[in-house]
Amino acid sequence: MSMLNQLFNRGLQGSKCKTCLTLAISRIKLLQNKRDAQLRLMRKEIAQFLQTGQEAIARIRVEHIIREQNVWAAYEILELFCEFVYARVPILESQKECPSELREAVASIIFAAPRCSDLPDLLHVRNLFAAKYGKEFIAAASELRPDTSVNRTIVEKLSVGAPSAELKLNVLKEIAKEYNVEWDSSYTEAELSKKPEDLLNGPKQIAAPVRASLEPNTRGHPPTSENPVTSPNGNRGAKSLDSPTSVTKAPLWSANIDKPSHSDSTLADAVDIKKDTRPETSDVLERARSAISAAERASAAARLAADLVNVKFSSSKLEEGKR
């Protein structure tokens, strides 16, 4: 009967399964020791960040520590399951279906095998279980279907979700207490309690200045010397919002500003609205003018320096000729 099972790939190869489980157990112990040393070093670095006031870096690094601690806890449970299955390989060979007392251990190994890339031996054990119990049994354990008996702690520890703010704060407090760091956690608590802003709709504070810049136009009064237009920079006066030609020439409607008619006031409102809706253009033009003037002054200074050098060079030549 065992020969038929091996021919049709329905039997569990006990010796191969034991070998893979032994290699997995030894590899888990090696990785646990290595991960333990890394965790101690990372916790010490976070304590130094908290001591020097670099809380932003500490909040980011603590997520990696939590992830490593979760993997460490999952590997510890997997090691126990591997030892449990190793001791009962003869029972798995003798029975066609998976025994109820071994279902949790077998299903947990099947679930964790593709999620633990540094434990390739578990994949070989998973393939042996697939040959024994079929692909449907493997799919049910991998997809966490009902009645698969996968250990819930392993599912939680191997999940890829971000840790909660409360968990990160507790780990930071634990590290500060372990290394005797006097750390005030009030600022970190405030930062972790903030809800992420909705960036799809854009920042909300942009709408306020736009409404404020349009308020003088809703009253129906053109800008005068008594009621000047306020620019976005807080400067009063209409010159900051005029077009480039308004620096040397007064606006067309300024001659009749003391006696405005209905049509003149309508025209003034239209011109004023156009200028208020584009305050940034005038600012850009002013910056461009200042940049051009600065470039002209620099070029003039360069020309003067070049002329001075030429004069000194010619005078030195004349003196050498006289000698």
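A helix here is a DSSP run of at least four residues, and the numbering of helices starts from the N terminus. The model shown in these views is predicted.

**View 1. Helix H2 and the residue that follows.** Helix H2 covers residues 14–51, 38 residues in total. From its first C-alpha to its last, H2 reaches 55 Å, close to the 56 Å expected at 1.5 Å a residue. Just after H2 comes Gly 53, with a positive phi of about 85°.

View 2. Glu 55 lies in helix H3, which runs over residues 55–87. Glu 55 is buried but has no salt bridge. The side chain of Glu 55 does make a polar contact of 3.0 Å with the side chain of Trp 183. Leaving out residues up to four places away in sequence, Glu 55 touches Phe 49, Leu 50, Trp 183, Asp 184, Tyr 187 and Thr 188.

**View 3. The largest nonpolar core.** This core holds 40 residues. Those touching the most other members are Tyr 75, Leu 78, Val 85, Val 106, Ile 109, Leu 122 and Phe 129. At least two residues of the core come from each of H2, H3, H4 (89–94), H5 (100–112), H6 (120–133), H7 (135–142) and H8 (152–157). H5 gives the most, with 8 residues.

Note on methods. Residues numbered from 1 in each chain as written. Predicted model: local features only at pLDDT ≥ 70, side-chain atom pairs only at ≥ 80, totals over all residues. Heavy atoms only, no water. Expected span 1.5 Å × (residues − 1). Buried < 20%, exposed > 50% of the residue type's maximum accessible area, 1.4 Å probe, protein only. Lys, Arg positive; Asp, Glu negative; His and termini not counted. Salt bridge = Lys/Arg side-chain N within 4 Å of Asp/Glu carboxyl O. Polar contact = N/O pair within 3.5 Å; in protein donor to acceptor, adjacent residues only side chain to side chain. Contact = heavy atoms within 4.5 Å. Core = buried A, V, L, I, M, F, W, Y, C linked by side-chain atoms within 4.5 Å.
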